[in-house]
Amino acid sequence: MTWIKHPIKLEGKKVILASLEPAAFEALTEAGQEEIIWSFMPVNCVDRGKMLKELDAALTYRESGEQYPFVVIDKSTQKIIGSTRFLRLNEEHKNLEIGYTWYNPQYWGRGYNDECKLLLLQYCFETLKTIRVQITAAEKNSRSRKAILRIGATFEGILRHIVVRNGDKRSAAYYSILEEEWPTVKLNLERLVAERLK
């Protein structure tokens, strides 16, 4: 890992994003106990064994430079409420994907995701100097797709039947933010975060 300087701690008004470490595994297992979290995710991590396997794999991917996983912490309680990652890291071409994002449902729709995305995108465009950040969602995941558009990402299209999960063919919706779009997206996200703090 040369592009991303480990460890990372990104702090906002409501959330803290910190590098994933084994000490967080149990708290993530507890936060991920709701079935609805995993409806559109690659693996159902309600099962403790699957969760621990996925988290171990995330650390391996970090070591190889393929991904960079974070825990999401509620700043007011210091409680771990979910996780997110940088994926498909491409230092040569200055692009990556933000994904594998999940939160305990009690934190949905309360501004945590807005601030999480603000912190991640600010790090991407202002520290890593990315020229493109990609975000994807399952075609049928309307909640996530609305959230992605809400932050200001541009819809690029649908890749049809790109994955098979549990025997089902699934299509994916692709979105992106470019470096020249970041100032406008940043202002939008700052406004959304400020509204949630009123």
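**View 1. The largest nonpolar core of the predicted model contains 40 residues.** A nonpolar core is a set of buried Ala, Val, Leu, Ile, Met, Phe, Trp, Tyr and Cys residues joined through side-chain atoms within 4.5 Å. Buried means under 20% relative accessible area, exposed means over 50%, and partly exposed lies in between, with a 1.4 Å probe and protein chains only. The residues with the most contacts inside this core are F86, L96 and L121. Helix α3 (residues 112-128) gives the most to this core, namely ten residues. Helices (H or I, at least four residues) and strands (E, at least two) are DSSP runs, numbered from the N terminus. Another core, of 22 residues, lies apart from the largest one, and A24, L52, A58 and W102 are among its members.

The model is a predicted one, in which local features need pLDDT of at least 70 and side-chain atom pairs count only at pLDDT 80 or more, while totals for chains, interfaces and linings use all residues. Residues are numbered from 1 along each chain as its sequence is written, and side-chain values use heavy atoms, with hydrogens and water left out.

**View 2. Eight strands form an open sheet with mixed pairing.** Their order is β1-β2-β3-β4-β5-β6-β8-β7; two strands pair if DSSP finds at least two bridges between them. Strands β1 (9-11) and β7 (154-165) stand at the edges with a single partner strand each, so one side of each has no neighbour in the sheet. On average, neighbouring strands are turned by 25 degrees against each other, direction ignored. Axes are lines fitted to C-alpha atoms, for helices over the stretch in contact, and angles run from 0 to 180 degrees between N-to-C directions.

**View 3. Strand β4 (residues 79-90) is mostly covered, with nine of its twelve residues buried.** Seven bridges join β4 to strand β3 (residues 68-74), and the two run antiparallel. D74 has K79 of β4 as its bridge partner. Four residues lie between the strands in the hairpin of β3 and β4, where Q78 takes a positive phi near 65 degrees. With β5, strand β4 pairs in the antiparallel sense over six bridges, and G82 stands opposite Y103 in β5. The hairpin of β4 and β5 also has four residues between its strands, and K94 in the turn has a positive phi of about 55 degrees.

**View 4. E97, found in strand β5, is buried, with a relative accessible area of 3%.** Its side chain makes a polar contact of 2.8 Å with that of Q134 and one of 3.0 Å with that of T136. A polar contact is a pair of N or O atoms within 3.5 Å; within protein, one must be able to donate a hydrogen and the other to accept it, and residues adjacent in sequence count only if both atoms are side-chain atoms. Strand β5 (residues 95-103) pairs with β6 (residues 132-138) in the parallel sense over three bridges, and V133 in β6 is the bridge partner of L96.

**View 5. H161 has its place in strand β7.** H161 counts as partly exposed, at 49% relative accessibility. Leaving aside neighbours within four places in sequence, H161 is in contact (heavy atoms within 4.5 Å) with K169, R170 and S171.
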